[in-house]
Amino acid sequence: MSHLSERPEKSVVGVSMPHESAALHVTGAALYTDDLVHRTKDVLHAHPVQVMKAHGRITALRTEPALAVPGVVRVLTGADVPGVNDAGMKHDEPLFPDEVMFHGHAVAWVLGETLEAARLGAAAVEVDLDELPSLVTLPEAIAAGSFHGARPVMTTGDVDAGFADSAHVFTGELRFADQEHFYLETHAALAYIDEAGQVFVQSSTQHPSETQEIVAHVLGLHSHEVTVQCLRMGGGFGGKEMQPHGFAAVAALGARLTGRPVRVRLTRTQDLTMSGKRHGFHAEWRIGFDADGRIQALEATLTADGGWSLDLSEPVVARALCHIDNTYWIPHARVTGRIARTNKVSNTAFRGFGGPQGMLVIEDIMGRCAPLLGLDPRELRERNFYRRGQSTPYGQPVVQPERISAVWEQVKADGRLAEREREIAAFNAGHPHTKRALAITGVKFGISFNLTAFNQGGALVLVYKDGSVLINHGGTEMGQGLHTKMLQVAATTLGIPLHKVRLAPTRTDKVPNTSATAASAGTDLNGAAVKNACEQLRGRLLQVAATQLGANASDVRIVDGVARTAGSDRELAWDELVRTAYLQRVQLSAAGFYRTEGLHWDAKGFQGSPFKYFSHGAAAAEVEVDGFTGAYRVRRVDIVHDVGDSLSPMIDIGQVEGGFVQGAGWLTLEDLRWDAGDGPSRGRLLTQAASTYKLPSFSEMPEEFNVTLLENATEEGAVYGSKAVGEPPLMLAFSVREALRQAAAAFGPAGVSVELASPATPEAVYWAVQAARRAAGAADAVAGAEETAAGAAETAVGAAEAVGSA
């Protein structure tokens with residue numbers, strides 16, 4: 001086992017414990033960015049000037065009326081930007097645009113003594129607009145040929161030969177929805193200037209280093225003149241990876257121009273109308289199977305709705321292509337990706353980052369094609385699982401294919417699937433207007449950033465004279481438990497009790513050039529960096545302890561805060577050891593670093609090994625559908641998920657549960673709607689609140705929810721043998737969608753293939769039920785016609801016999 005994966009005796013990692021801020025969360029004492037406003041003097045409040053048109057060129061911007069509003073201090077426009085007027089990394093997102101690109105685009109910001117004054121001032125700003133044609137829906141953009149960014153193509157094998165050798169070839173298309181992050185804390189930033197002219201920004205951001213970079217180039221400063229801090233986020237889910245930068249830049253610009261702290265905090269409606277979503281996709285596909293139902297060839301085009309600017313659309317599409325195979329070997333494939341440019345908010349990262357979109361395509365194909373092949377969907381999936389020696393379409397070997405089957409078989413056993421399927425068949429036979437179904441799906445999700453350079457992490461660990469320890473790392477906490485795991489990693493590596501370790505807020509002046517807390521790599525990167533720093537410190541302290549104990553450093557162990565040598569009763573307490581080290585002038589701070597090894601990726605050729613490893617999981621979901629309304633309930637869910645050797649089991653189980661429910665929301669409930677008509681509100685987001693945008697709640701939770709972590713699953717080459725857990729569980733929710741498909745099909749004849757919209761709302765399920773019923777009616781009509789024909793033939797034969805007798 002590698003040094004990185006090996007666990008010492010009596011380690012703190014692997015112990016179930018609550019989130020490090022759990023008590024603060026439930027008591028309301030946890031501080032978020034906007035809470036700091038009340039601790040800051042003379043804060044100005046910023047309010048956006050939004051233009052409620054989908055597309056148009058600004059011909060005039062009159063700010064004088066706003067300045068006449070009592071309490072308004074300043075109006076920020078593009079003319080005020082001393083550096084680069086752009087909030088994106090692709091330089092296609094002007095912070096103060098001269099062309100409105102989506103309904104609700106902010107073209108200026110008003111600063112007021114109060115938020116109400118700023119709001120009234122923003123309403124007073126006059127904007128003249130030369131309206132231009134707009135593309136609101138994905139089909140409109142495709143028809144108009146409106147695309148931007150790269151168009152990757154992933155190929156493997158000989159696709160034409162694969163289809164020629166296929167016994168069955170099917171074609172289809174699928175359009176599936178985008179998704180709103182709906183984090184509890186909306187976008188927020190608070191900026192001020194210190195006495196030296198340094199810019200300090202508190203931001204609700206998953207990527208402080210990039211926020212620092214954008215703020216610096218907007219203000220025309222160097223990065224060392226800007227410090228960004230993130231205390232914690234009230235949820236992020238990818239929505240705060242790129243999108244916070246512009247809001248932080250507005251706050252920083254306002255602070256620099258006025259000399260006063262400036263606060264930006266979006267209302268829920270502003271957040272919904274101004275920030276990007278999960279990319280909606282359109283997919284066209286053709287697939288070939290052999291006579292036994294094994295995939296021979298796949299050809300597909302995936303089109304993402306990128307919105308008005310690129311943001312992270314290119315890597316999202318790349319990851320979608322890399323995950324279209326999911327758990328299935330595809331020997332011949334040609335998959336093309338492209339990004340549609342629409343007049344909507346710029347879509348961005350969301351938990352799974354394109355992986356769910358790619359995997360949904362193949363899972364939809366399997367669910368639709370299984371009945372056409374005369375196979376049970378579960379059997380079709382099992383026949384196509386990866387086997388040892390096989391590689392993905394982009395050329396990465398699948399080195400743990402047995403885990404695909406391991407989690408699958410454990411779900412089947414723990415969930416009593418065979419027994420329950422018999423019970424469901426009996427129930428369905430006796431209930432013509434209510435049907436149940438049970439579906440199982442798997443997940444194979446690659447862990448690492450597709451861009452190799454992002455796979456690095458840093459940490460700074462300080463040991464004080466009293467033996468207390470402070471850790472800083474580059475990751476951000478958004479409720480996922482990253483800080484909890486980092487505390488456990490530090491305590492384990494140093495060999496001390498957890499209470500001796502404290503964690504500082506994430507700051508760019510402590511750990512520079514960090515990657516976003518994203519791609520499920522937060523623990524892998526930052527955990528290994530923390531471990532590296534702690535190992536440097538422990539190595540120095542072991543030398544001191546060895547001198548004090550009269551032993552070799554290699555024979556000294558620090559366990560539970562005490563240094564001991566094997567075969568001796570002599571010992572040295574941690575606090576005393578640290579004090580002794582200080583007196584001997586031993587350095588008690590260390591900067592840790594980690595870079596993920598073994599990655600290589602050719603983005604143009606779309607070949608290589610972009611992922612350190614794959615996370616695996618399987619879920620079985622049982623649903624019940626009302627045939628009159630399409631309403632349904634999730635009766636039971638069984639999950640087995642591979643997190644390697646868990647660093648913090650309670651945290652990991654919570655992540656599996658939360659990810660699954662968020663995925664089920666995307667696939668079954670959350671239905672974003674825009675006004676696509678030709679009226680004055682064209683392009684307006686219609687689902688602007690929780691009253692019109694349905695989120696998963698207690699009523700949508702499975703009535704029985706069983707989550708098990710795969711045992712004996714040490715991951716070689718990862719921090720203390722663990723695996724990532726943030727994103728992979730979201731895709732386990734495919735099981736709910738497939739169960740709904742099978743329940744709808746149960747209203748029709750055996751072997752009917754049902755198409756199911758996404759999200760599979762009760763309305764969509766109702767139409768699927770109706771389609772199944774029509775198939776049943778058609779089957780009855782055919783059977784009736786055959787019976788009539790048979791009767792007519794029998795009559796004719798009888799008549800002929802009668803004539804013959806005469």
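**Close-up views of the model**

**Helix α18 is shown with its buried residues, which are Phe734, Ser735, Val736, Arg737, Glu738, Ala739, Leu740, Arg741, Ala743, Ala744 and Ala745.** Buried stands for under 20% relative accessible area, exposed for over 50% and partly exposed for what lies between (1.4 Å probe, protein chains only). Helices (H or I, at least four residues) and strands (E, at least two) are DSSP runs, numbered from the N terminus. The model is a predicted one, in which local features need pLDDT of at least 70 and side-chain atom pairs count only at pLDDT 80 or more, while totals for chains, interfaces and linings use all residues. Residues are numbered from 1 along each chain as its sequence is written, and side-chain values rest on heavy atoms, with hydrogens and water left out. Because 11 of the 12 residues of α18 are buried, this helix is largely enclosed by the rest of the structure.

**Phe289 and Leu740 belong to the largest nonpolar core, a set of 111 residues.** Such a core joins buried Ala, Val, Leu, Ile, Met, Phe, Trp, Tyr and Cys residues through side-chain atoms within 4.5 Å. Besides Phe289 and Leu740, the residues with the most contacts inside this core are Ile287, Leu302, Ile639 and Phe660. When neighbours within four places in sequence are left aside, Phe289 is in contact (heavy atoms within 4.5 Å) with Ser166, Ala167, His168, Phe170, Arg294, Ile295, Gln296, Met366, Cys369, Leu373 and Leu380. Another core, of 51 residues, lies apart from the largest one and includes Ala521, Cys534, Leu541 and Val544.

**Strand β1 (residues 44–51) is mostly covered, since seven of its eight residues are buried.** Strands pair where DSSP finds at least two bridges between them. With strand β12 (residues 262–265), β1 runs parallel and is joined by two bridges, and in this pairing Leu44 stands opposite Val262 of β12. With strand β5 (residues 105–112), β1 instead runs antiparallel and is joined by seven bridges, and here His47 stands opposite Val110 of β5.

**Strands β21, β22 and β23 form an open sheet in that order, with antiparallel pairing.** The edge strands, β21 (556–559) and β23 (571–573), each pair on one side only. Neighbouring strands of the sheet are turned by 20° against each other on average, direction ignored. Strand β22 (residues 562–565) pairs with β23 in the antiparallel sense over three bridges, and Arg564 stands opposite Glu571, which lies in β23.

**Helices α15 (residues 522–549) and α16 (residues 574–583) are shown where they lie across the strands β21, β22 and β23.** Helix α15 runs at about 115° to β21, whereas helix α16 runs at about 80° to β23. These angles, from 0 to 180 degrees, are taken between the N-to-C directions of lines fitted to C-alpha atoms, for helices over the stretch in contact.

**Leu599 is found in the loop between the strands β24 (589–595) and β25 (600–602).** At 15% relative accessibility, Leu599 counts as buried. Although Leu599 and Leu451 are 148 residues apart in sequence, their C-alpha atoms are 9.7 Å apart in space. Not counting residues up to four places away in sequence, Leu599 touches Ser448, Thr452, Asn455, Ser609, Pro610, Phe611 and Lys612.
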